[in-house]
Amino acid sequence: LIPADTLTFQGTGRDLPIFLEREVIDFKCVMVDHVYREKLVVRNGGKTAMKVSVANRPDVSDYFEFSPTFGFVQAGESFPITVLFKPRASILSQCSRFLSEGESGVLEVPLKVVVPD
């Protein structure tokens, strides 16, 4: 039997004024061995410039590229990041865990835009 114990945690939270213009990029219907481009627009609703970076997943880095990979979003401004999607024939097998249930061939790949402290 493990004795009960009480733990107390204390922390400080804050809302970051950084947000994405749209959280989902839908490339719709794509063809293998073609390159597709979309803009991911990061906005800063705060009063100071903030650094942002895109965390590309190693397991999908063969198919996605970001340019630039990091930058500074000025206060009250936006910062565009170009997303390149390069599907190849191996994508469905290599990224099978991202296949959406119920929809044939639909990939849902979560990626992160990081705002360091």
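# A walk through the predicted model

Let's start with Ser100, which sits in the loop between α1 and β7; helices (DSSP H or I, at least four residues) and strands (DSSP E, at least two) are numbered from the N terminus. This is a predicted model, in which local features need pLDDT of at least 70 and side-chain atom pairs count only at pLDDT 80 or more, while totals for chains, interfaces and linings use all residues. Residues are numbered from 1 along each chain as its sequence is written, and side-chain values use heavy atoms, with hydrogens and water left out.

Back to Ser100: is this residue buried or exposed? Ser100 counts as buried because its relative accessibility is 15%; buried means under 20% relative accessible area, exposed means over 50%, and partly exposed is in between, using a 1.4 Å probe and protein chains only. Setting aside neighbours within four places in sequence, Ser100 is in contact (heavy atoms within 4.5 Å) with Val106 and Glu108.

Glu108 turns up again at the largest pocket, where Ile25, Phe27, Leu107, Glu108 and Val109 are the closest to the centre out of 32 lining residues. The volume of this pocket is about 960 Å³. A word on how that works: on a 1 Å grid over the protein atoms alone, a pocket is an open set of points where a 1.4 Å probe fits, with protein on both sides within 12 Å along at least five of seven lines, and lining residues have an atom within 4 Å of a point. Points are joined across faces, edges and corners, and the volume is the space filled by probe spheres set on them. What is the lining made of? It divides into 24 nonpolar residues, one polar and seven charged; here Ala, Val, Leu, Ile, Met, Phe, Trp, Tyr, Cys and Pro count as nonpolar, Asp, Glu, Lys and Arg as charged, and the others, Gly among them, as polar. At least two lining residues come from each of β4, β6, α1 and β7 (112–114).

Next, have a look at Asn44 in strand β2, which covers residues 36–44. Asn44 counts as buried because its relative accessibility is 2%. Where does its side chain reach? The Asn44 side chain comes to 2.8 Å from the backbone nitrogen of Gly46, and a polar atom of that side chain lies 2.8 Å from the backbone oxygen of Thr48. Beyond neighbours within four places in sequence, Asn44 is in contact with a list of residues including Pro17, Ile18, Met50, Val73 and Glu77.

Most residues other than glycine have a negative phi, and most peptide bonds are trans. Lys28, not a glycine, has a positive phi of about 55 degrees, and it lies in the loop between β1 (18–20) and β2. Asp33 is also found in the loop between β1 and β2, and its phi is positive too, near 65 degrees. Asp33 is exposed because its relative accessible area is 61%. As for peptide bonds, the one from Ser67 to Pro68 is cis, with omega near -10 degrees. Pro68 is placed in the loop between β4 (64–67) and β5 (70–73).

How many salt bridges are there? The whole structure has seven, where a salt bridge is a side-chain nitrogen of Lys or Arg within 4 Å of a carboxyl oxygen of Asp or Glu. Lys28 comes back here, paired with Asp26 at 3.6 Å, N to O. Lys28 is exposed, with a relative accessible area of 67%, whereas Asp26 is partly exposed at 45%.

Another salt bridge joins Arg88 and Asp62 at 4.0 Å, N to O. This pair links distant parts of the chain, 26 residues apart: Arg88 is in the loop between β6 (78–85) and α1 (91–94), and Asp62 is in the loop between β3 (50–55) and β4. Arg88 is partly exposed at 32%, as is Asp62 at 35%.

Glu65 and Lys86 form a salt bridge of 2.4 Å, N to O. Glu65 is in strand β4 and Lys86 in the loop between β6 and α1, so the pair ties together parts that are 21 residues apart in sequence. Glu65 counts as partly exposed at 36% relative accessibility, and Lys86 as partly exposed at 23%. Finally, salt bridges with shared partners join Arg57, Asp59 and Arg97 into one network.

Methods: A polar contact is a pair of N or O atoms within 3.5 Å; within protein, one must be able to donate a hydrogen and the other to accept it, and residues adjacent in sequence count only if both atoms are side-chain atoms.
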